Amino acid sequence: MISSPLILHFPSSMPMTDDQFFEFCQENRDLRIERNKFGDISIMSPAGSETGNREFNIAVQLGIWSEKDGTGIGFSSSTGFKLSTGAERSPDAAWIKLERWNKLTPKQQKKFAPICPDFVIELRSASDNLQPLKDKMQEYMQESEIRLGLLIDRKNRRVYIYRPGQVEECLENPDTVNCEPVLPGFVLNMEKIW
């Protein structure tokens with residue numbers, strides 16, 4: 001198991017195309033792989049069991065709300081999205097309005113969709129450093145489509161809330177996190193996430 005991400009740097013003379021990167025990720029399905037806007041590849045081992053359970057609890061809550069709401073679709077942590085900067089990111093949970101998703105071609109939907117989710121959640125695992133996750137959240141906030149982001153820091157029992165054009169908000173040990181008005185009626189229950 002890799003305790004912190006392994007970063008692979010590629011010379012600018014050897015860029016990996018989007019198709020090559022997708023194929024690379026498919027050949028290494030047991031790893032969590034992301035690429036930054038400079039083409040550097042970050043390789044992480046799969047989440048530990050405890051973190052995986054917390055990710056699942058987040059996904060279940062988002063999934064149940066999404067099915068009832070019906071205006072968008074949710075995605076798991078194994079989904080990659082290509083941001084406008086060229087970075088490919090895989091949030092721990094994400095949601096996209098259906099009208100935006102349906103504008104993509106079937107081919108775009110099958111690979112790392114060239115779209116930034118409306119809503120993303122990142123969950124800090126015990127081995128994660130906080131600052132790289134905050135930097136990742138700021139990267140999402142630079143995208144025109146993003147409307148809300150949550151960074152859950154289980155270690156310190158904090159939830160950082162990100163909204164475009166606003167200063168990050170920090171909740172100390174909240175019981176719930178209200179995601180309105182972006183996700184009407186969605187309140188994330190933190191009991192099974194802490």
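## A buried loop residue

D92 sits in the loop between β6 (88-89) and β7 (93-97). Helices (H or I, at least four residues) and strands (E, at least two) are DSSP runs, numbered from the N terminus. The model is predicted: local features need pLDDT of at least 70, side-chain atom pairs count only at pLDDT 80 or more, and totals for chains, interfaces and linings use all residues. Residues are numbered from 1 along each chain as its sequence is written, and side-chain values use heavy atoms, with hydrogens and water left out.

D92 has a relative accessibility of 4% and counts as buried. Buried means under 20% relative accessible area, exposed over 50%, and partly exposed in between (1.4 Å probe, protein chains only). Leaving out residues up to four places away in sequence, D92 touches R32, E55, S76, S77, I121, E122 and L123. Contact here means heavy atoms within 4.5 Å.

## Helix α1

In helix α1 (residues 18-27), the buried residues are F21, F22 and C25. Seen down the axis of α1, they fall within an arc of 100°, so they line one face of the helix. The arc is that of the directions from the helix axis to the C-beta atoms. E23 and E27 are exposed on the other side of α1. The cover over the buried residues of α1 includes β2, β3 (41-44), β6 and α4 (106-110).

## Helix α2

Helix α2 (residues 49-69) has 21 residues, which should span 30 Å at 1.5 Å a residue; its end C-alpha atoms are 30 Å apart, in agreement. The expected span is 1.5 Å times one less than the number of residues. The buried residues of α2 are T51, R54, E55, N57, I58, Q61, L62, W65 and S66. They cover an arc of only 160° around the axis and therefore lie on the same side of α2.

S49, F56, E67 and K68 are exposed on the other side of α2. Among the elements that cover the buried residues of α2 are β2 (32-35), β4 (72-75), β8 (119-124) and β13 (187-189). After α2 comes G70, with a positive phi near 75°.

Strands β10 (residues 158-162) and β11 (residues 169-172) run antiparallel and are joined by four bridges. Two strands pair if DSSP finds at least two bridges between them. R158 stands opposite E172 in β11. The two strands, β10 and β11, form a hairpin with six residues between them, and G165 in the turn has a positive phi of about 70°.

## Nonpolar cores

The largest nonpolar core has 22 residues, of which F119, L150, I152, L183 and L188 touch the most other members. Elements that give two or more residues to this core are α2, β7, β8, β9 and β10. Apart from it lies another core, of 21 residues, including I96, C116, L133 and Y140. A nonpolar core is a set of buried Ala, Val, Leu, Ile, Met, Phe, Trp, Tyr and Cys residues joined through side-chain atoms within 4.5 Å.

Neighbours within four places in sequence aside, L188 is in contact with Q61, I121, L150, I152, D175, T176, V177 and I193.

## Cysteines

A disulfide is a pair of cysteine sulfur atoms within 2.5 Å. By this rule there are zero disulfides. C25 is in none, and the nearest cysteine sulfur, that of C116, is 18 Å away. C25 is buried, with a relative accessible area of 9%.

For C170, the closest cysteine sulfur is in C179, 15 Å from its own and too far for a bond. C170 is partly exposed, at 34% relative accessibility.
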